[in-house]
Amino acid sequence: MFYREAGDFKTSYRDDNQTFPIRLDRAGYWIVLFVAFCVIPFFVNDYWVNSIFAPFFIYAIAALGLNILTGYAGQVSLGTGGFMAVGAYACYKLMVAFPDINIVFHVLIAGGITAAVGVAFGLPSLRIKGFYLAVATLAAQFFLVWLFNKVAWFYNYSASGQINAPERTVFGIIVTGPNTEAWAKYMICLVFLVGVAWVARNLTRGMTGRKWMGIRDMDIAAEIIGVNPLMAKMSAFAVSSFFVGIAGALFFAVYLGAAEAGESFGITKSFLVLFMVIIGGLGSIFGSFAGAAFMVLMPVLLKNVLVGTMGWPTEIAAELEFIIVGGLIVIFLILEPHGLAQLWRLTKEKLRLWPFPH
Amino acid sequence: MTTDMNADSYVTADGRTIGPVVMDLKNITLRFGGVVAIKDISFNIREGEIRAIIGPNGAGKSSMLNVISGFYKPQEGEVWFRGSKRPQMRPYQVAQQGLARTFQNIALFDGMTVLDNIMTGRLNKMNANLLQQAIWKGKAEKEELENREACEKVIDFLEIQHIRKTPVGRLPYGLKKRVELARALAAEPSLLLLDEPMAGMNVEEKEDMSRFILDMNDEFGTTIALIEHDMGVVMDLSDRVVVMDYGKKIGDGTPDEVRNNQDVIDAYLGVSHD
């Protein structure tokens, strides 16, 4: 009844182009931002940050990255874990080599390095498509993890083979290392997430996004109307890997604090992010958030319900968790193959008409 | 009054000015392995004219269009565009030179809205780089709004305002054809290639499409080369017609000349072998 565009007249193309054309959506967006920045930081504790907010934010960044590549540009990638590892190890090397430079720059440069690696591994996409490209990116996944385990230079010859994040500050506030406060961890992840989402939205609504989607929907037609397929695909790989690299750097430096390539950035990570993108909705910014939230929150919720409320033994609950989450994914994909984003769109369309059926 | 059609420019009976040659195809031969799809064909397209390419199925018309748009590379022959020989080019480079086309089987981007499809047609008019687009405010937004305005003109012209925000995948066939035309027109091409713009349409849709083609040519002065099977439409619309059969050119001239050409009649109606 209140959720509709009636009365919200657009008098310029700028108004017509805005991200949230409906007033209630715009209000909701600002409220969410306000709560995220000005309310939650005062109440978060270690449990909430470590089991919910930090993984959710970081996976959302990774999902945004993969969604640009797979959802918008149509290039399947199974190398997300490997690219996250590149971001993590690049960030580690930079943190150790240049301790005086702000960690924010380290994370951004780590993203840039990952972008370059992503472009290199994306080159086969000019010749191969679909499953075959997925296999080629799978090779990237295994090669990168192998490289970081094998070449000791990457982990500075530490005896354990692990990399450990040294303590670094932003504006005098500790954001990495064991002494980090919960709210600082929360804030740095949130700031990066908002920045990445904003850039992703800008790119996908403009000509770059149209080129990507053109390549995805019909590559021959796109080329004939003037899209340079090399530039379009490589820019998709670059931007996607940049985001994934940032996610990897934050995952290691802020969230984990210590990482080992095979364990933290294995093939399971690639699949996890791919599931997020598919469940959330391919080719949707909101879908990336929804997918990441679903995959991060579902296990936590189940654990709380099974162990906390129903009092089951932890180990049985842990096993059941896998079964239930897996089952939910299957059921969900059968019911709504276009993901949570499509579900959200349908809900909004219904809301626009409510309380009338048509 | 007779018009000298070989002059540098002349005025047609309905008052349109036909300018110099835009596209000149010289002795084009295209082979796929042993199959000769196009055999030693030459013809030209002049500025401001509507040029039709006709012929029975399998005559090589679409292959010809693909040669012009740079999708196929002919083994022999030269393509001259605006007075200079065109080097080997990728299709997107040809598009940058000012060529736009539609496809026989609609090739729209199904996942995008009508507006986005048409905006994509203007990609050669927009040159904000990746960083400017990431920031959005500034050049990218300004460019987007300017080009949106140009697209809205095309949308008005082709009368598709009501489906502006509809995903293309949901549209019926006739409208998809029109959106595809809009996407090509949005590029403001100096040469527009239409591959069977009226295939599979009913009489009213054909009339609409004919009107759009004539208006486009008349109002924007767009040079159009089209392939079409509906002879009535072709003879009515076009200034000059090329007739192809089995990869060879069997006729070239005004609709009247072509209609009375014995080879053309034989190709279409068959010839008795006695």
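Helix 3 of chain A passes helix 7 of chain A in a left-handed crossing (left-handed if the near helix is turned anticlockwise from the far one by less than a right angle, right-handed if clockwise). Keep in mind that this is a predicted model, where local features need pLDDT of at least 70, side-chain atom pairs count only at pLDDT 80 or more, and totals for chains, interfaces and linings use all residues. Residues are numbered from 1 along each chain as its sequence is written, while chains are lettered from A and ligands numbered from 1 in the order in which they are written. Helices (H or I, at least four residues) and strands (E, at least two) are DSSP runs, numbered from the N terminus.

**Helix 3 of chain A and its partners**

- Helix 3 (residues 46–72) and helix 7 (residues 182–205) of chain A pack at an angle of about 15°, with axes 10 Å apart; axes are lines fitted to C-alpha atoms, for helices over the stretch in contact, and angles run from 0 to 180 degrees between N-to-C directions.
- That angle makes helix 3 of chain A roughly parallel to helix 7 of chain A (under 35 degrees is roughly parallel, over 145 roughly antiparallel, 65 to 115 roughly perpendicular, and the rest oblique).
- On the helix 3 side of chain A, the residues making this contact include Phe53(A), Phe57(A), Ile61(A) and Leu64(A), and on the helix 7 side they include Tyr186(A), Cys189(A), Phe192(A) and Val196(A); two residues are in contact if their C-beta atoms, placed from the backbone, lie within 7 Å.
- By class, the contact of helix 3 with helix 7 of chain A has 19 nonpolar, one polar and two charged residues; Ala, Val, Leu, Ile, Met, Phe, Trp, Tyr, Cys and Pro count as nonpolar, Asp, Glu, Lys and Arg as charged, and the others, Gly among them, as polar.
- Helix 3 of chain A also meets helix 10 of chain A, with axes that come within 8 Å and cross at roughly 165°.
- The contact of helix 3 with helix 10 of chain A splits into 21 nonpolar, three polar and no charged residues.

**The largest nonpolar core**

- Which residues touch the most other members of the largest nonpolar core? Ile61(A) and Leu250(A) do, out of 173 residues; such a core is a set of buried Ala, Val, Leu, Ile, Met, Phe, Trp, Tyr and Cys residues joined through C-beta atoms within 7 Å.
- Helix 10 (residues 229–256) of chain A gives the most to this core, with 18 residues.
- Setting aside neighbours within four places in sequence, Ile61(A) is in contact with Phe192(A), Leu193(A), Val196(A), Phe243(A), Ile246(A) and Ala247(A).

**Helices 13 and 14 of chain A**

- The axes of helix 13 (residues 285–309) and helix 14 (residues 314–335) of chain A come within 9 Å and cross at roughly 135°.
- That makes helix 13 of chain A oblique to helix 14 of chain A.
- This crossing of helix 13 and helix 14 of chain A is right-handed.
- The contact of helix 13 with helix 14 of chain A has 10 nonpolar, one polar and two charged residues.

**Where chain B meets chain A**

- On chain B, 33 residues are in contact with 26 residues of chain A.
- Helix 5 of chain B gives the most to the side that touches chain A, with five residues.
- By class, that side of chain B has 19 nonpolar, seven polar and seven charged residues.
- Phe109(B) sits in the loop between strand 8 and helix 3 of chain B.
- Phe109(B) is buried, with 23 other C-beta atoms within 10 Å (20 or more is buried, 12 or fewer exposed, in between partly exposed, with C-beta atoms placed from the backbone).
- Beyond neighbours within four places in sequence, the contacts of Phe109(B) include Met213(A), Gly214(A), Asp217(A) and Met218(A).
- Ala187(B), in the loop between helix 6 (173–186) and strand 9 (191–195) of chain B, is buried too, with 25 other C-beta atoms within 10 Å.
- Not counting residues up to four places away in sequence, Ala187(B) touches Ile225(A), Ala100(B), Gly121(B), Arg122(B) and Asn124(B).

**Positive phi values**

- Most residues other than glycine have a negative phi.
- Tyr157(A) has a positive phi near 55°, and lies in the loop between helix 6 (130–150) and strand 1 (163–164) of chain A.
- Tyr157(A) is exposed, with 8 other C-beta atoms within 10 Å.
- Trp136(B) has a positive phi of about 70°, and is found in the loop between helix 4 and helix 5 of chain B.
- Trp136(B) counts as partly exposed, with 18 C-beta neighbours inside 10 Å.
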